[in-house]
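I wanted to write down each finding in the order in which I came to it.

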Amino acid sequence: MEILDKLHKIRAIFGGSRAGLESGIMALAGNMGEALFRDEAAGILADIIDRAKILPDAYRSYRPMVQDGILFFISKLPLKRLAGLLAHQVSMDENVDAGKRLVEFAKQVPTFQKLGQMIARNRHMDPRVRDWLVQLENGSCETDAEDLCRMIEETLGPDQERFRIRMDRTLLSEASVGAVLPFTWKEQESGLEREGVFKALKPEIDVRLEEEMAALDLLTEYFEERRHLYPFGEFRFRELFEDVKAALREELDLSGEQANLLLANQFYKKNKEILVPTPTAFSSRHFTAMSRVDGTKVNDALVLPEDRKQAAEIIFRAIVCRPLFSSEDFPIFHGDPHAGNIFSAGREDSGTLRIALLDWSQTGRLAKRWRVSILKFIQGVIRDDEETICRALDAFTVESPESARNAEVSRAVGKVISLPEYRKASLIKKVFIMMERLSFHGVRFHKDLLLFRKSFFTLDGLLHDLDPDFNMDHAVMAYIRDLLIAELPRRIAALLIPISDAPEKYRSLLSNKDLQMLLLCHAVEFIRKNTHVIREFMEKHTGTINALFCLPKIFSSRTAKVLLGLYYLYRMRDAAAEA
């Protein structure tokens with residue numbers, strides 16, 4: 001492009017100084033005319049992203065849409081931002097590859113940095129691109145630490161001496177919107193010196209995010225006008241962008257994160273495997289002061305395969321199973337579990353790994369009624385039952401569709417069930433694939449459920465990195481099994497008083513009726529796959545089975561039949577495993 005030649009000439013004139021380059025680029029924009037400059041500058045920056053080819057081949061049909069969207073988004077940023085982004089790129093060595101340029105660009109645009117962190121562990125992505133994006137998890141520590149220290153000291157006022165706060169004036173880490181500074185302080189109750197960290201917003205980050213959110217508003221209108229050119233279907237991207245903007249605003253709300261930290265501490269207080277930083281009394285809306293976690297990114301800290309397997313199990317149970325099967329009505333869950341937010345924090349005296357969950361700016365709540373419907377949804381997925389899936393959808397979508405809409409959604413469910421990608425997926429992934437595909441047919445899920453889905457896919461790549469053999473289905477079933485054992489007395493009582501047998505009465509969210517249906521489905525599938533094993537088992541145990549079923553009345557009760565069925569199902573499963 002002609003503009004590239006001009007930019008290189010500017011660099012030669014100003015000697016590569018960022019400030020000089022930015023000033024020269026602004027002068028160039030004045031000479032060219034703002035409209036022409038915007039188009040050319042946005043084209044250069046969009047080309048940097050396009051050359052990196054960050055979208056996996058599975059999403060190749062969306063590449064034109066993404067490329068157009070990025071080009072439009074960049075072109076709508078303020079002129080000074082565009083000049084700064086170009087100056088940063090021109091100041092780099094001409095031989096720097098596309099991946100390095102992509103990472104440096106993303107660090108200057110918080111929206112893109114957050115997106116890069118979310119997709120960095122996507123296992124279907126080109127390994128080169130993954131290696132580039134993983135760098136976004138670590139931050140760059142480019143913010144001036146002295147500026148942050150002055151702001152913190154001014155805000156602390158008398159509390160600095162009251163709590164004997166001493167700051168280390170070196171950044172510990174930096175994220176998309178905040179930077180972290182270590183400090184020590186004296187706890188007044190015990191008089192002990194404690195280590196902590198300040199998480200403070202980066203200078204002008206609120207201005208940058210507001211600029212990017214304004215560009216997102218314009219991008220929404222742009223896509224609405226060009227909907228017919230892209231494979232949108234009925235996808236509700238206007239609502240999606242509103243959710244993205246809400247998530248960005250949550251990143252700026254440090255007071256909200258402090259409240260989330262207190263809730264998370266309460267939620268995990270009995271779990272010795274999970275550590276959550278605790279906010280201090282001198283936190284403010286300008287910064288969060290919290291206990292320091294000594295540790296390293298979990299996938300970097302752990303080397304031994306058995307440690308990585310254990311960590312994957314702990315993380316999955318804590319972030320997915322714990323909130324999904326909580327006894328609370330509105331349990332909290334971590335909405336941004338990328339690798340930069342999950343640390344290994346050493347071991348308990350028992351030898352158990354401790355996992356630290358950091359950055360609680362993005363969190364959601366899973367209402368119990370939604371979770372009951374999610375379990376119904378899962379049952380429908382297990383049975384490929386369109387009617388059950390659609391009934392469950394009504395409970396956790398934003399609006400219940402009318403009858404005509406229901407028929408359309410039912411057809412969409414049928415299409416998803418027939419997809420090869422869906423048929424090959426594990427049970428848990430089928431659930432989220434179903435949600436993803438239905439969103440393209442106009443089904444709009446509640447914001448917290450979308451965040452939970454995003455959290456799941458962010459976590460999926462990290463778990464695969466830790467343990468390529470980790471099986472989410474097995475982990476969920478093991479968690480439910482433990483809950484069912486604990487619930488057994490209540491379940492037996494419910495068999496005597498059927499009116500008390502409601503899913504929400506159990507942490508597993510499964511009624512006895514649900515269990516019987518799942519047991520039947522499991523038995524049918526088992527029989528289909530293991531006919532020869534069952535025949536051999538029945539021949540071997542014919543006498544015992546006949547004797548048991550001939551006992552008078554004892555085994556006529558519903559309870560005994562269910563228990564006996566479970567017993568023999570597990571015995572047959574063991575026989576199949578041995579075979």
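**Entry 1: two helices.** I began by noting that I am working with a predicted model. I looked up helix H16, which spans residues 368-383, and helix H20, which spans residues 427-439, and found that they pack at an angle of about 105°, with their axes 10 Å apart. Since angles of 65 to 115 degrees count as roughly perpendicular, I wrote down H16 as roughly perpendicular to H20. On the H16 side the contact is made by Phe377, Ile378, Val381 and Ile382, while H20 brings Leu427, Lys430, Val431, Met434 and Met435.

**Entry 2: Phe198 and Phe287.** The ring centres of Phe198 and Phe287 are 5.1 Å apart and their planes stand at 85°, and because planes over 60 degrees apart count as edge-to-face, I noted this pair as edge-to-face. Phe198 belongs to strand S4 (residues 193-201) and Phe287 to strand S6 (residues 287-291), so that the pair links distant parts of the chain, 89 residues apart. Are these two residues buried or exposed? Phe198 is buried, with a relative accessible area of 0%, and Phe287 is buried with a value of 0% as well.

**Entry 3: Phe432 and Phe456.** Here the ring centres lie 4.1 Å apart and the planes are at 15°, so I recorded the pair Phe432 and Phe456 as stacked. Because Phe432 lies in helix H20 and Phe456 in helix H21 (residues 447-466), the pair ties together parts that are 24 residues apart in sequence. Phe432 is buried at a relative accessible area of 6%, and Phe456 is buried at 2%.

**Entry 4: a cluster.** I went back to Phe198 and Phe287 and found both in one aromatic cluster, together with Phe163, Phe183, Trp185 and Phe282.

**Entry 5: charges over rings.** Finally, I looked up where the charged end of Arg322 sits, and it is over the ring of Phe267, 4.0 Å from the ring centre. The charged end of Arg491 sits over the ring of Tyr506, 3.9 Å from its centre.

Terms used:
Residues are numbered from 1 along each chain as its sequence is written. This is a predicted model: local features need pLDDT of at least 70, side-chain atom pairs count only at pLDDT 80 or more; totals for chains, interfaces and linings use all residues. Side-chain values use heavy atoms; hydrogens and water are left out. Axes are lines fitted to C-alpha atoms, for helices over the stretch in contact, and angles run from 0 to 180 degrees between N-to-C directions. Helices (H or I, at least four residues) and strands (E, at least two) are DSSP runs, numbered from the N terminus. Angles under 35 degrees count as roughly parallel, over 145 as roughly antiparallel, 65 to 115 as roughly perpendicular and the rest as oblique. Contact means heavy atoms within 4.5 Å. Rings of Phe, Tyr and Trp (its six-membered ring) pair if their centres lie within 6.5 Å; planes under 30 degrees apart count as stacked, over 60 as edge-to-face and the rest as tilted. Buried means under 20% relative accessible area, exposed over 50%, partly exposed in between (1.4 Å probe, protein chains only). A charge sits over a ring if NZ of Lys or CZ of Arg is within 6 Å of the ring centre and within 35 degrees of the ring normal.
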